[in-house]
Amino acid sequence: MDECHLEDADVSGSCPQYIEQYTEPTTLKGCKCKSNCGAHDGVLFRCDWCYTENGCGISTMIPPFQTYDYCHYLSNENYEKQTWQTKSRSLWKKLTENDTRGDFPKPEYLLVESVQTSFDNQWDHLPHGRKKVLHGVGSVCRVRLRISANSPYTGILAAGEISEGFIRMGSAIKMKPDGIVPGNSIKFMRTGVHSANLLTLHKVSSKGLGWDHFINQSTHVNQVENFKQWVGGQKFNQATNCINKLGHSDLCTWSQNGTKAAEPIFPWIIHLEPGNIHFPPNIPVTVDELMNEYSKIPERSLIYTLHAKASPKAELEHVGVVETASKCQTSQYGDKKLFFRHQRIEEDFALRPEWLKEIDDDEKPCDPGPASTEVSVRQCARDAL
């Protein structure tokens, strides 16, 4: 591992031994798996589960009478208690050790994977055997998020905060003759707790939107025609009633140094507007040519300005800027293993129930709805505990 920095050293001045995050999944009933976790079959491939040892869990009730339970991807406390600097350096090393890119998996894989895992996995990596069905190929680089002095929010978005993280940029779906569907995933490692994740998209579309990655993106996506009938929408509805919105309360609960907000203050929506970088919008390219465009982005480039609404009826206000802190590159680890947790908007509603009275006035209502403060109704087998 790279030489550790002063802030990572213990009282004797020695560098602590780095602890990997990798751990075995547990199950909701505390069983030990004897098979890989996966949706496999069952009710529309809704939940990840595994066969379990020693008769723990739920009986199949058919020969050979095996037992199974639902998988639980809990944080590794020994890993999480490390500093954000230590975790960041280790992740960056993984991301840059092999620049061979991945590929876009077959879209039908979306039907046989559990979307629940996208919301409930507490790791920074994908569970073993899981594919990155959406956003299959991307370019990664380090970024710096600078928050304005008058930000009203807490945590990563607190006034004057400067947080260092990673962005993965690419097309949400396999490139089309008319372009890409640009999306971003941003991760900030935090001291003592799990990472913060911010995911944005311009819109849900089965068609390309031109070749410029740098167009407006948001954590609440525009509706599309027949959103409820869209197969991906039906899959995401297995995890949330608001398939077009993500929450932000976790992002604003802890700062990068691990300080917890006594009362998290978080926005209703986050909006990214392009900064100083653009790609030629109407020139068709191959996957490799597109990745090469990302690699041309200079370090310290202003790629986005960040705006947010404090509530559904509020106006968008400037909150900060996102700038690159390294060159961007393809990454086998980024395409095959890196994971960004999605947060259910229901978690935000539980803390801001007054938003439920305002949501119908928003330009992007909950789809398919109804909006609710209930989180567990969309989690696997919680009623069995």
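Reader: How many cavities of 30 Å³ or more does the structure hold?

Author: It holds 6 of them. This is a predicted model, in which local features need pLDDT of at least 70 and side-chain atom pairs count only at pLDDT 80 or more, while totals for chains, interfaces and linings use all residues. Residues are numbered from 1 along each chain as its sequence is written, and side-chain values use heavy atoms, with hydrogens and water left out.

Reader: What makes a set of points a cavity?

Author: On a 1 Å grid over the protein atoms alone, it is a set of points where a 1.4 Å probe fits but cannot get out. Rolling a probe the size of a water molecule over the atoms shows where empty space is left. Grid points are joined across faces, edges and corners, and a volume is the space filled by probe spheres set on the points. The second largest cavity has a volume of about 90 Å³.

Reader: Which residues lie nearest the centre of the second largest cavity?

Author: Gln21, Tyr79, Leu91, Lys94 and Tyr333 do, out of 13 residues in its lining; a lining residue has an atom within 4 Å of a point. By class, this lining has 6 nonpolar, 3 polar and 4 charged residues. Here Ala, Val, Leu, Ile, Met, Phe, Trp, Tyr, Cys and Pro count as nonpolar, Asp, Glu, Lys and Arg as charged, and the others, Gly among them, as polar. Helix 2 gives the most to the lining, with 4 residues.

Reader: Why is helix 2 called mostly covered?

Author: Because buried means under 20% relative accessible area (exposed is over 50%, partly exposed in between, with a 1.4 Å probe and protein chains only), and 10 of its 13 residues are buried. Among them are Trp84, Leu91, Lys94 and Leu95.

Reader: What makes arginine 144 and glutamate 164 a salt bridge?

Author: The rule asks for a side-chain nitrogen of Lys or Arg within 4 Å of a carboxyl oxygen of Asp or Glu. The closest N and O atoms of arginine 144 and glutamate 164 are 3.9 Å apart, and the pair therefore meets the rule. Arginine 144 lies in strand 5 (residues 138-147) and glutamate 164 in strand 6 (residues 162-171), so the pair ties together parts that are 20 residues apart in sequence. Arginine 144 counts as buried at 17% relative accessibility, whereas glutamate 164 is partly exposed at 28%. Both belong to a network of salt bridges that also links Arg146 and Glu323.

Reader: Why is the pair of tryptophan 92 and phenylalanine 166 called stacked?

Author: Rings of Phe, Tyr and Trp (its six-membered ring) pair if their centres lie within 6.5 Å; planes under 30 degrees apart count as stacked, over 60 as edge-to-face and the rest as tilted. The centres of these two rings are 6.0 Å apart and their planes are at 20°, so the pair is stacked. Tryptophan 92 is in helix 2 and phenylalanine 166 in strand 6, 74 residues apart. Phenylalanine 166 is buried, at 4%.

Reader: What makes the pair of tyrosine 68 and tyrosine 70 edge-to-face?

Author: Its planes are 80° apart, with 6.2 Å from centre to centre. Ring pairs also link Tyr68 and Tyr70 with Trp49 and Tyr51 into a cluster. The count of aromatic pairs comes to 11.

Reader: Why does asparagine 54 count as exposed?

Author: Its relative accessible area is 80%, so asparagine 54 is exposed. Asparagine 54 sits in the loop between strand 2 (49-51) and strand 3 (58-59), and its phi is positive, near 60°.

Definitions and conventions
Helices (H or I, at least four residues) and strands (E, at least two) are DSSP runs, numbered from the N terminus. On a 1 Å grid over the protein atoms alone, a cavity is a set of points where a 1.4 Å probe fits but cannot get out, and a pocket is an open set with protein on both sides within 12 Å along at least five of seven lines; lining residues have an atom within 4 Å of a point.
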